[in-house]
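My entries follow the structure below.

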Amino acid sequence: MRIAICASEVVPFAKTGGLADVAGALPLALELLDQEVIIIMPRYKTIQEPKFSVQRLKPDISYAVIGKNTKVYFIEKDLYFNRDGLYGDKTGDYPDNLDRFSYYSKRTLDLLKEINFAPDIIHCHDWQSALIPVYLKTLYKNNPFYKNIKTILTIHNIGYQGLFSKEEFPKLGLDWSLFNIEGLEFYGKINILKGGIEFCDIINTVSPTYSQEIQTKEFGFGLEGVLNKRRETVFGILNGLDYSIWNPETDKFIIKNYSLKNIEGKYQNKEELRRICQLPLKKGVPVFGIVSRLAEQKGFDILTDAIVKICKMNLELIILGTGDLKYHVLLENIAKKYPKVISLHLKFDDPLAHKIYAGSDIFLMPPKYEPCGLGQMISMAYGTIPLVFKTGGLADTVTSNNGFVFDKYKKEDLIKTIDKIIKAFKDKKKWLQLMQRAMQNNFSWKESAKKYLALYEKAKANEAATYVTK
Ligand code: ADP
């Protein structure tokens, strides 16, 4: 099958979040399944030689190759993309984001024809490429080249929708008749993601549970009705984990490599972690680790509410993260008060993250909502038991068989679960079995790619357009 992956960020070229991981890993997994895949993304300032080997194709198009032979096409336009940030800077979102990503979407469709790559599927990701299905079924609908292309839109986090004021609508080049409740209008504003949802053939999210949750008022951020209307075409596929990066057997950042068969090495990592975090080397005390953005979505509201109680329990807590200033201040104050319990690292530090995944006993991850989540999958690969709130991808990956799950988003429930874990940790034999079960999980990209392929087949088989323009 011929597939064009369209994403605004792709590992290793540009990354702000999980979207880039998916857009970088999925094409390579599809290539290994013998599919013909290309990627199209904007060329940002950071995508330069010699860091990347980039070839020129046209005055405004260049490309690089990843995997065996997967081409990544870069759309160049200095005015829009030659900037430090992807979507904004310290002061907030760039004010011309609508111009930037509508340009990217149209140029992507034109490019497909110019390189004569007629895909079976265009796979779009998040609002930044969600205009592609809209354009395909409006401005490009009478062009025979595009006739048989089907589109899939993957929503990585429905909290980000691409909202713009109505006054900007003419810039999209679309007929005003599309600015209505059945189209791109959302409470008097333009909602790009909503446009994509209305016009694509299949909608997908990054876990089965999240695909259901976003159809509810609690998690839908106002788009639950639109999604519910199309519920037969809403699916969820769990992201895979890149085991070439996250593997305790080969990890270069940890002091002692270990594996399921040779788990003792993990304890050396625990001692080393406590040493670098300047925590007391008390025997038998469980170490809880956190690696996360410091944001309310990630559970820091209930966690900071509960933290004084947590600090009085028989545990040690290592926190690595950056994010909302509010949580920086709160955590700094509490870490000063309990220096023998909390080790706080307010930064982004990949090597330290690896050491925390390897050296902790428990990985604490209580997000309020989590489309997929990587931390719980990584920690399991390292035999570090996840403690999660039952939501989204966390509900799909963590069970009482490989971790601890609480299902009421309340600080009391979080505290109760921590207490339960401290008790369970005392039974060394049972804990070891739990670690072994966690390490046996396999969230490989190969399995996820096979599911995507089945979804592409489904979209391809559906000859009828799901949206008929008036
Ligand atoms: P999200 O993409 O919503 O932030 P995920 O759980 O999907 O959450 O992915 C987060 C990824 O970023 C994980 O690989 C995690 O290890 C990493 N990460 C988050 N914060 C930090 C940090 N401060 N230092 C190093 N790595 C971090």
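Helices (H or I, at least four residues) and strands (E, at least two) are DSSP runs, numbered from the N terminus.

I noted that this is a predicted model, in which local features need pLDDT of at least 70 and side-chain atom pairs count only at pLDDT 80 or more, while totals for chains, interfaces and linings use all residues. Residues are numbered from 1 along each chain as its sequence is written, and side-chain values use heavy atoms, with hydrogens and water left out.

I then traced the open sheet, whose 6 strands follow the order E17-E16-E15-E18-E19-E20 with parallel pairing. Two strands pair if DSSP finds at least two bridges between them. Strands E17 (342–345) and E20 (404–406) stand at the edges with a single partner strand each, so one side of each has no neighbour in the sheet.

I checked two pairings. E15 (residues 287–294) and E16 (residues 316–323) are parallel over 8 bridges, and Arg-293 stands opposite Thr-322 in E16. E16 and E17 are joined by 4 bridges.

Finally, I turned to the ligand. A polar side-chain atom of Arg-293 lies 2.8 Å from a ligand oxygen atom, and one of Tyr-357 lies 2.7 Å from an oxygen atom of the ligand.

Key
Polar contact = N/O pair within 3.5 Å; in protein donor to acceptor, adjacent residues only side chain to side chain.
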